[in-house]
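This report walks through selected features of one protein model. Please look over the sequence and the structure before reading on.

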Amino acid sequence: MRYYKYSLLIPIIMISLFCCRSARELPTVKEVNIQKYAGTWYEIARFPHGFEEGLKCVTATYSLKENGKIKVVNRGRPVENPSEVKKATGTARVPDKSEPGKLKVVFFWPFGGDYYILDLDDDYRHVLVGSPSRKYLWILARDLQLDEKTYRQLVEKARKLGFNTDKLMKVEQDCW
């Protein structure tokens, strides 16, 4: 089974996301329109972690489910074989409607992780997402590239929030 190794890593990552919380609070955006957030986002940069190791052309696609939850489909292509697509499907929800920037994501039940929206463009063109443990960080955009000024602003915001931005790695988006 070619996704066997990949699927085994998800529970381990989700446990670490769930269990490893920072004592320092992590502020999130005050408003999120999930319908505007839905759609495909391109991964511009991320912290390295096992479940995306060796992947490029990574996307995250969000869609609303009838039950009010959010379907999450992450796709990426192995650098050594870009014709292959690796995929993980999960479900996200907003546990507290008064904090719409704090989502819980589950890729492998019962293990869930925190998905905190830390910065969101007014036009929903780019977003900064992280975990309160500060071990996970993503910069996503609606386009394959993000202008350097915006990228630097998001990196600086992450640094001020306590993320070690030296670990941030840009993601190749050359499959399109």
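## Lys102 and its partners

A polar contact joins the side chains of Lys102 and Glu25 at 2.7 Å; such a contact is a pair of N or O atoms within 3.5 Å, and within protein one must be able to donate a hydrogen and the other to accept it, while residues adjacent in sequence count only if both atoms are side-chain atoms. The model is predicted: local features need pLDDT of at least 70, side-chain atom pairs count only at pLDDT 80 or more, and totals for chains, interfaces and linings use all residues. Residues are numbered from 1 along each chain as its sequence is written, and side-chain values use heavy atoms, with hydrogens and water left out.

Lys102 lies in strand 5; helices (H or I, at least four residues) and strands (E, at least two) are DSSP runs numbered from the N terminus. Lys102 is buried, at 14% relative accessible area (buried is under 20%, exposed over 50%, partly exposed in between, with a 1.4 Å probe and protein chains only). Neighbours within four places in sequence aside, Lys102 is in contact (heavy atoms within 4.5 Å) with Glu25, Leu26, Thr28, Arg93, Val94, Pro95, Tyr115 and Tyr116.

## The nonpolar cores

The largest nonpolar core has 22 residues, and Tyr37, Tyr62, Tyr115, Ile117, Leu120, Val127 and Leu140 have the most contacts inside it. A nonpolar core is a set of buried Ala, Val, Leu, Ile, Met, Phe, Trp, Tyr and Cys residues joined through side-chain atoms within 4.5 Å. Strand 6 gives the largest share of this core, three residues.

Another core lies apart from it, with 18 residues, including Ala45, Leu128, Tyr151 and Leu154.

## A cavity

Two cavities of 30 Å³ or more are present in the structure. On a 1 Å grid over the protein atoms alone, a cavity is a set of points where a 1.4 Å probe fits but cannot get out, and lining residues have an atom within 4 Å of a point. Grid points are joined across faces, edges and corners, and a volume is the space filled by probe spheres set on the points.

The second largest cavity has a volume of about 60 Å³. Its lining includes Ile34, Tyr62, Ser63, Val72 and Leu103. Helix 2 (34-37), strand 2, strand 3 and strand 5 each supply at least two residues of that lining.

## Asp143

Asp143 sits in the loop between strand 8 and helix 3 (148-160). Asp143 is partly exposed, with a relative accessible area of 41%.

Methods. On a 1 Å grid over the protein atoms alone, a cavity is a set of points where a 1.4 Å probe fits but cannot get out, and a pocket is an open set with protein on both sides within 12 Å along at least five of seven lines; lining residues have an atom within 4 Å of a point.
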